[in-house]
Amino acid sequence: MTHILIVAHAPLASALGQLASHTFPECAAGLSVIDVAADESPASIDTRLLQLVTGRATLILTDVFGATPCNAALRAADGVQVRVVCGVNVPMLWRALCYAGEPLDALVTRAVDGGAQGVMRLAAAPPQNQANNINKPQGPDGQEPHHDQQ
């Protein structure tokens with residue numbers, strides 16, 4: 001079973017971890033999180049990361065490419081036992097949790113696909129062409145005047 005680790009700006013990692021525990025409690029046992037505080041040193045983050053990834057296959061999900069959590073994850077990744085995917089979102093996390101039993105390379109593909117497929121452009125419902133009765137003129141009796149011939 002591949003270990004899944006979320007490394008993200010605080011409090012995102014913890015929030016995603018709580019969501020995982022809520023939706024897939026049986027899968028969340030293989031999940032760890034590291035919230036990176038704004039004032040935390042890179043050395044401190046590296047120490048916490050290495051404690052969680054040493055000696056086991058791990059997929060690290062980070063929030064933003066080039067940011068501190070991602071950079072720390074890249075330092076911990078060896079490309080063999082530890083891989084990094086950035087841009088974590090809920091569909092990515094759920095896909096990774098559900099397929100954590102697959103080999104690491106397959107899990108990376110599933111996580112990336114789940115994250116990409118979870119991002120969709122949605123259109124709002126088209127406006128309905130119904131007249132607004134509030135602004136219609138009313139006759140002296142409070143009724144809408146009829147303009148038809150009698």
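Which side chain meets that of Glu40 in a salt bridge? The partner is Arg48, at 3.0 Å from N to O. A salt bridge here is a side-chain nitrogen of Lys or Arg within 4 Å of a carboxyl oxygen of Asp or Glu. The structure is a predicted model, in which local features need pLDDT of at least 70, side-chain atom pairs count only at pLDDT 80 or more, and totals for chains, interfaces and linings use all residues. Residues are numbered from 1 along each chain as its sequence is written, and side-chain values use heavy atoms, with hydrogens and water left out.

Strand 1 spans residues 3-9. Helices (H or I, at least four residues) and strands (E, at least two) are DSSP runs, numbered from the N terminus. Six of the seven residues of strand 1 are buried. Buried means under 20% relative accessible area, exposed means over 50%, and partly exposed lies in between (1.4 Å probe, protein chains only). Strand 1 pairs with two strands. With strand 3 (residues 58-62) it runs parallel over five bridges. Here Ile4 stands opposite Leu59. With strand 2 (residues 31-36) the sense is also parallel, over six bridges. Two strands count as paired if DSSP finds at least two bridges between them. His9 has Val36 of strand 2 as its bridge partner. From strand 1 the chain passes through helix 1 (residues 12-23) to strand 2, and this β-α-β crossover is right-handed. That is, with the strands pointing away from the viewer, the path from the first strand over the helix to the second runs clockwise.

Helix 1 has 12 residues. From first C-alpha to last it reaches 16 Å, close to the 16 Å expected at 1.5 Å a residue. The expected span is 1.5 Å times one less than the number of residues. Ala13, Leu16, Gly17 and Ala20 of helix 1 are buried. They lie on the same side of the helix because they cover an arc of only 105° around its axis. This arc is taken from the directions from the helix axis to the C-beta atoms. Gln18 and His22, on the other side, are exposed. The buried residues of helix 1 pack against strand 1, strand 2 and helix 4 (90-98). Contact means heavy atoms within 4.5 Å.

Ala13, in helix 1, has 0% relative accessibility. Leaving out residues up to four places away in sequence, Ala13 touches Ile6, Ala8, Val33, Ile34 and Asp35. Its C-alpha atom is 8.4 Å from that of Val36, 23 residues apart along the chain. Thr58, in strand 3, is likewise buried, at 0% relative accessibility. Its contacts beyond four places in sequence include Thr2, His3, Leu5, Leu52 and Leu104.

The salt bridges number four. In the Glu40–Arg48 pair, Glu40 is buried at 19% relative accessibility, whereas Arg48 is partly exposed at 30%. A salt bridge also joins Asp46 and Arg75, at 3.0 Å from N to O. Asp46 lies in helix 2 (residues 42-53) and Arg75 in helix 3 (residues 68-76), so this pair ties together parts 29 residues apart in sequence. Arg75 is partly exposed, at 45%. Asp105 and Arg83 form another salt bridge, with their closest N and O atoms 2.2 Å apart. Asp105 belongs to helix 5 (residues 104-117) and Arg83 to strand 4 (residues 82-86), so the pair links parts 22 residues apart in sequence. Asp105 is partly exposed at 47%, and Arg83 is partly exposed at 22%.
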